[in-house]
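Hi there,

Here is the structure I promised to pass on. Have a look at it first, and then read on for what turned up.

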Amino acid sequence: MARQHARTLWYDRPKYVFMEFCVEDSTDVHVLIEDHRIVFSCRNGDGVELYNEIEFYAKVNSKDSQDKRSGRSITCFVRKWKEKVAWPRLTKEDIKPVWLSVDFDNWRDWEGDEEVELAHVEHYAEDDSDS
């Protein structure tokens, strides 16, 4: 059986780019964050293999990036190399894959947003103890 792509939501913040790979009951999860790309793979609850590889729009700091798994998704927050520079898209190529969408529930203007961003990062970091 061919691999499928996981539905992926993303949103941009001044210091981080957030991605959510929407996979319920994931197993065998692997996340590789490099300075120019992310590679995600897992199996869903039905045993189907999912694989996403994204070449980033711009360079990131892979050493200051993390991922957090829940029962419904895997969320990654990737530290931008150049902070406070908006990304018009997640991907290097100006192509929008069908499985990639903007997370409009979390997309907002940046003004006064650094406290919200810090709270998101701290929330994911604190939750690491239960994984």
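Before the details, one term: a polar contact is a pair of N or O atoms within 3.5 Å, where, within protein, one atom must be able to donate a hydrogen and the other to accept it. Please also keep in mind that this is a predicted model.

With that term in hand, let's start at Asn-61. A polar atom of the Asn-61 side chain lies 3.1 Å from the backbone nitrogen of Lys-63. Asn-61 sits in strand β6, which covers residues 60-69. Beyond its neighbours within four places in sequence, Asn-61 is in contact with Asp-35, Arg-79, Lys-80 and Trp-81. Tyr-16 is 45 residues away from Asn-61 in sequence, yet their C-alpha atoms are 9.6 Å apart.

Now for the wider picture. Of its 131 residues, 39% are buried. Among contacts between residues at least 6 apart in sequence, 62% join residues at least 24 apart.

The largest nonpolar core holds 22 residues, and those touching the most other members are Met-19, Phe-21, Ile-38, Ile-54, Phe-56 and Leu-90. Strands β2, β4, β5 and β7 each supply at least two residues of this core. Leaving out neighbours within four places in sequence, Phe-56 has contacts that include Met-19, Ile-38, Val-78, Trp-87 and Leu-90.

Happy browsing!

Terms used
Residues numbered from 1 in each chain as written. Predicted model: local features only at pLDDT ≥ 70, side-chain atom pairs only at ≥ 80, totals over all residues. Heavy atoms only, no water. Helix = DSSP H or I, 4+ residues; strand = E, 2+ residues; numbered from the N terminus. Contact = heavy atoms within 4.5 Å. Core = buried A, V, L, I, M, F, W, Y, C linked by side-chain atoms within 4.5 Å. Buried < 20%, exposed > 50% of the residue type's maximum accessible area, 1.4 Å probe, protein only.
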